[in-house]
Amino acid sequence: MYVHHARITGLRPDTTYLYSAGHDGAAQETGSFTTAPRGRAAFTFTSFGDQGTPNLRRSLKWPTEDTPPPLGPFRLYTSTQGGTEASADIVAAVERVGPLFNLINGDLCYAGVAGAIGEDRVATWADWFINNSRSARLRPWMPCVGNGETEKGNGPLGVTGYQTYFALPDATTATDEETRGLWYAFTVGGVRFISLANDDVAIVDSGDIYLRGYSGGAQRRWLERELQAARASTAVDWIVVFMHHPMISSHRSGGGDLGVRQEWGPLFDAYGVDLVLCGHEHYYERSLPLRGTLPNETRTPIPVSTGTDVADTGKGTVHMVIGGGGNFATTQDDLFEEPKGRVVVDVGKVPEGRHRKAFYLTEDAPGAPSRTASTPMASPPSTSTRAPVAPDAPGCTSRTTPSTAPTES
Ligand SMILES: [Fe+2]
């Protein structure tokens, strides 16, 4: 397999360029892109995670063990079945908006899952690009890496495929080839966008390889320098982080991740990150502005206001879970009715099957009242400033395992 990248230099800001790509024996593929404006200017971007592939090759999976020769012995290569028709529809939705660029919050096509269940990773990646190039040829699709991009055998971190397909901006400290492109930042107008790799800090074991701690703190040190520089810059008004595993989740069987809260939360607070975009959970949720945490076992984020008419990100960070990009296992209908959340706080020491078992705590989630697209103005909790919850208080239940069958998030 070969992946070709072409670097174009000398581009002007806020300019649309036409291009074509081709090779001998093939028709030219054409496209266009528009460069970012210089300085403060209005622009539009879109974002989602957990897209999957729209099963373009499902019909090819017809031979079985029982199929007589000559077809039976032949392996047929199919992509993962993790997507739905929505995986295709969302591309049209992006084009309807026509953003300057699109952010992908991890779990692009679940190539790691495809490999784990005996399907073909390369075909899975190919289907993802075939599906998305009708948009990505017109505007950048900027990814962050999720657990679905971890492919056992593809380098020590399993992400060589991801690193090969995407030529991403270098982190200022990206001298290590092993972590190249896994975290990076770029500026558009007055907004600094930061892409993080949450398998480095998440407690949950959901990839093809358990990666927690692989950077040895390098990503965190880079993030703090990056946030310091962004906040010190007079050209940056907003900081937007996009990453895969969420810090908050009101999903009954999924959950936020305590590791992400512990590693990133204090930095988001200290440097006033405005917006955090996540995936991993396959539904829509938007938090109130959050700053600081309760001193409880789950480090519950504290809302700075309860109003849902204005989200003042100068006072707190708004989190959005938007992992409804097309994955078949939607969980929009499995949210807590009241403002509660679940948090992964630990995993078993050894894998049971493919992954280590996750242990969860359920918490009161005062920051989660404005969570769904269908109920964006749900009643806020009665308390916005509340006493800290002790670990054994009613807000924290005993450890539980998922209430429904686990799905690939
Ligand atoms: Fe995920």
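1. Let's start with a strand pair: β3 and strand β4 (residues 101-104) run parallel and are joined by four bridges. Strands here are DSSP runs of E, at least two residues long, numbered from the N terminus, and two strands pair if DSSP finds at least two bridges between them. Within this pair, F48 stands opposite I104 in β4.

2. Before going on, please note that this is a predicted model: local features need pLDDT of at least 70 and side-chain atom pairs count only at pLDDT 80 or more, while totals for chains, interfaces and linings use all residues. Residue numbers count from 1 along each chain as its sequence is written.

3. The pair belongs to an open, parallel sheet of three strands, ordered β3-β4-β5. Its edges are β3 (45-48) and β5 (141-143), each pairing on one side only.

4. A second open sheet of three strands runs β9-β15-β16, and its pairing is mixed. Two bridges link β9 to strand β15 (residues 340-347) in the parallel sense; D257 has V344 in β15 as its bridge partner.

5. V344 turns up again in the largest nonpolar core, which has 77 residues: together with L196, V241, F242, V276, L277 and V345, V344 touches the most other members. Such a core is a set of buried Ala, Val, Leu, Ile, Met, Phe, Trp, Tyr and Cys residues joined through C-beta atoms within 7 Å, where buried means that 20 or more other C-beta atoms lie within 10 Å of the residue's own, with C-beta atoms placed from the backbone.

6. Which residues is F242 in contact with, leaving aside its neighbours within four places in sequence? They are S47, L103, N105, C144, F193, S195 and L277 (contact: C-beta atoms, placed from the backbone, within 7 Å).

Note on methods
Buried ≥ 20, exposed ≤ 12 C-beta atoms within 10 Å, placed from the backbone. Contact = placed C-beta atoms within 7 Å.
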